Each structure stands twice: as structure tokens, then as C-alpha cells.
Amino acid sequence: MNCLDLFSGAGGLTEGFVRAGYNIIAHVEKEFSASLTLKTRIAYHYLKQTNQLKIYYSYLNDEISREKLYSHIPSQLLDSVINEEINDESINDIYNKIDILRGNKEIDIIIGGPPCQAYSLIGRAASKSKMVGDSRKYLYKQYLKFLKRYKPKLFVFENVRGMLSSKDENGNNIFEKIVIEMKEIGYNIDYKILDAKDFGVPQSRKRVIIIGWKNELNFKYPDFETIKNDITINQLFADLPKIKAGEKINFKKIVPQIEVLSKLNLLDDDFNILSQHISRPNNINDLKIYKIAVNLFKEGKTLKYTDLPSSLMSHKNLTSFLDRFKVVNGNGISHTMVAHIAKDGHYYIHPDVKQNRSLTVREAARIQTFPDSYYFENSRTAAFTQIGNAVPPLMAEIIANTLKKDSKF
């Protein structure tokens with residue numbers, strides 16, 4: 001099935017659909033760093049297929065530049081990444097680029113979800129305006145324009161749960177408007193709140209997944225089989241070298257845990273290179289708080305900011321967000337990974353008190369089920385943002401395979 005990926009981000013949905021055998025015609029993504037990540041992933045897949053992974057290894061090891069890496073990749077593959085913001089001014093140019101890429105192929109399915117910040121419950125709580133009037137709330141209308149133009153058999157629209165209760169400036173429910181408009185252009189739709197942990201992802205992550213199909217098709221919303229997750233965070237990290245805050249390992253051969261990583265589809269054949277095991281530096285104050293948080297967590301307690309000694313407090317807000325320091329459960333699965341991890345890491349403290357730090361880029365990527373061969377471009381901060389915003393590839397792969405099995409078009 002030929003697939004168009006909108007608001008692609010770092011490619012979590014894309015990766016899942018690629019693994020399931022879909023042909024990605026184009027990716028549309030406005031953020032430059034995420035667009036580079038998509039291109040680098042395309043480079044990996046191409047070099048793997050052509051038995052040239054040594055070139056990719058050279059790139060990970062900083063022996064060649066990104067430009068040199070891309071020079072080995074056919075331009076039409078790299079051109080499938082369209083680095084543009086989708087808006088009224090750009091949309092015709094984006095259409096033209098997609099039409100060149102697809103040739104005479106039909107678009108069978110459109111996937112993606114507009115940026116979620118305007119719908120986020122946390123974002124609304126922190127915003128004085130409660131996100132009322134935020135233009136990002138209406139990016140779904142751009143998605144609908146692609147449905148009208150390309151008339152795919154199916155579409156998958158992903159977003160945060162806050163979308164269900166989000167209001168426009170007139171107090172009308174945004175989600176109800178989305179449903180009405182999707183139906184008006186010829187689609188039956190259904191939605192569910194799905195949790196990534198039920199797809200085997202070692203993370204509790206609830207998202208609204210809307211699936212639409214053309215009125216004339218014999219189809220219904222799939223019943224996704226629940227997959228029991230028996231892999232803990234400590235098991236997930238067991239083969240990673242122990243590092244402290246501010247340390248990094250960017251290119252190192254490791255002996256991966258075949259059984260654990262294979263269950264989560266984190267291994268690409270015999271790929272055994274560890275990259276981006278990068279921990280952010282922290283000041284002494286934060287590290288003292290991290291130790292307190294981890295030791296309390298071992299006792300089954302959660303640190304509240306007001307529990308800290310006054311000497312360690314740096315915020316005046318003592319009434320809200322008191323759980324701003326949170327330990328990832330080493331003996332279970334992670335709480336939801338969000339893009340805020342790019343800001344300070346306090347909400348993602350490593351469970352090993354001896355390492356005394358927040359999660360590394362690679363650890364966050366593993367929690368999101370990105371394989372170790374996945375490289376996130378441009379900077380540590382950009383990488384964390386991309387990872388936090390992504391759909392877990394393992395969840396996306398199961399959705400993609402189920403749609404293929406159930407559709408039989």
C-alpha cells in the first residue's frame with residue numbers, strides 16, 4: 001500500500017509502516033532536525049538493503065559528514081522528505097512535490113497527526129489562555145485537505161487525549177468538529193484511546209487513534225490484540241554501559257541482549273553499535289535531588305517538591321507540579337515519554353542511584369521502541385524533542401500490520 005506521512009516528526013509512525021511493508025511516497029515535516037532524522041533513516045534502510053552499512057557506521061563514528069553519507073543515497077529517496085510547514089501558502093507546493101514523487105501511483109493510506117501541544121492537558125494547564133485561539137488547534141483542517149485531494153482508502157490520525165476535550169474560541173468542542181468534517185468528505189470513522197503498553201511498548205502512553213475509511217468500503221475499526229509486556233526498564237537498559245551525568249558514549253560495540261531487544265524489535269539483524277548514549281550535565285543541586293528521589297522511590301514513595309530541604313528548592317511555586325522530579329520505574333515500565341524531556345530531564349530520572357542522572361538519548365529511544373540503529377539528528381536537545389513527540393514504532397507496526405490484514409483491498 002502506498003502511504004503518505006503528514007506531520008512526520010522523527011518517523012515513529014513511518015518506521016512502523018515501513019516494517020509492515022508499506023511504500024512511503026512522501027513525508028511532510030516542518031522541523032529541520034526531524035527532517036534530517038528522516039533522511040538519515042532512509043539512508044540506513046538503503047545502505048542496509050545494498051550491503052553498504054559500513055558507510056553508515058562511518059557516519060555514526062564521525063568519520064564522514066552527513067553530506068558525504070547522503071551522497072551515497074539516490075536523490076529521489078532523500079527528496080521524499082519534504083521539509084515544509086503545512087499551511088495555506090505552502091500547500092500547493094507540497095502537493096506538486098508529492099505528485100512528482102508518486103507519479104501515477106494512488107495514495108492508499110494517509111498517516112500522521114498534527115502537533116499535539118495545543119490539545120495537551122498539560123499545555124492547557126500551563127497556558128494563561130488555556131490554548132484558546134492557538135492556531136495549531138486547526139492544523140487538522142490541513143490534514144483534511146490532503147484527504148480531499150488524494151482520496152486514500154484509509155487514514156490514521158493520531159493525537160493526545162486532550163484533543164477530546166479541547167475547545168475553540170467559541171467554546172465548541174474541537175473533536176466533534178473534526179469528526180463531522182471527516183464524515184462530510186466521505187469517510188466512516190471510529191476512534192479509541194489506545195495505550196502503547198498494550199502493544200508491548202515498555203511505557204504507559206495513551207493516545208487517541210482515529211481510523212477512517214471510505215464510505216463504500218467494507219471495513220471496521222480493528223480489534224487490536226493486547227500484548228502482555230514482561231520486560232522491565234532495568235532489563236531494557238542492562239546491556240548499556242553505566243555512565244554519570246554529562247558523560248556520553250557515541251560509538252561503541254556492545255553485546256546486545258538478543259532476547260529482550262528482539263521482543264521489542266529493537267535489533268536490526270546483527271546491529272551491535274551503541275550510539276547517542278548521551279546524558280545531560282546537571283548541577284550539584286539537581287544531583288542531590290535525584291539521589292533523594294531515587295532513594296525514596298526504592299521505599300515505594302514519590303518525591304514531592306515540598307518535601308525537599310529548603311536549601312535545595314529553587315522554585316517559588318509550591319502549589320502545583322509538585323511531582324516535577326520523577327524516577328523511571330526500573331522494575332516496571334516507564335511513565336509517558338513527552339517532549340519536555342528536552343528541557344531538563346527531571347521527570348525522567350534513571351533508577352540506578354549510582355549513575356545519578358536523567359535518561360540518555362538512547363535510553364529514551366529504547367523506551368519508545370526505536371531500534372538502536374536509529375539516529376536522531378542535530379543535537380541532544382533536538383533528539384530528545386523528536387523522541388518525546390514520536391509514536392512508538394512497535395505500536396505503529398502492529399497498527400500497520402493489522403490494517404493490512406483487515407482491509408484486504
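Lys and Arg count as positive here and Asp and Glu as negative, with His and the chain ends left out. Each charge is placed at NZ of Lys, CZ of Arg, CG of Asp or CD of Glu.

This is a predicted model, in which local features need pLDDT of at least 70, side-chain atom pairs count only at pLDDT 80 or more, and totals for chains, interfaces and linings use all residues. Residues are numbered from 1 along each chain as its sequence is written, and side-chain values use heavy atoms, without hydrogens and water.

**View 1. Charges of the protein chain.** The chain carries 58 positive and 47 negative charges. Their mean positions lie 4 Å apart.

**View 2. Buried residues.** Of the 409 residues in the protein chain, 55% are buried. Buried means under 20% relative accessible area, exposed over 50%, and partly exposed in between (1.4 Å probe, protein chains only).

**View 3. The largest nonpolar core.** A nonpolar core is a set of buried Ala, Val, Leu, Ile, Met, Phe, Trp, Tyr and Cys residues joined through side-chain atoms within 4.5 Å. The largest one has 61 residues. F17, I109, I211, F376 and L403 touch the most other members. Helix α15 (residues 393-407) gives the most to this core, with seven residues. Helices are DSSP runs (H or I, at least four residues), numbered from the N terminus.

**View 4. Around I211.** Leaving aside residues up to four places away in sequence, I211 touches F155, V156, N188, I189, D190, F219, Y221, P222, F224 and L403. Contact means heavy atoms within 4.5 Å.

Key. Helices (H or I, at least four residues) and strands (E, at least two) are DSSP runs, numbered from the N terminus.
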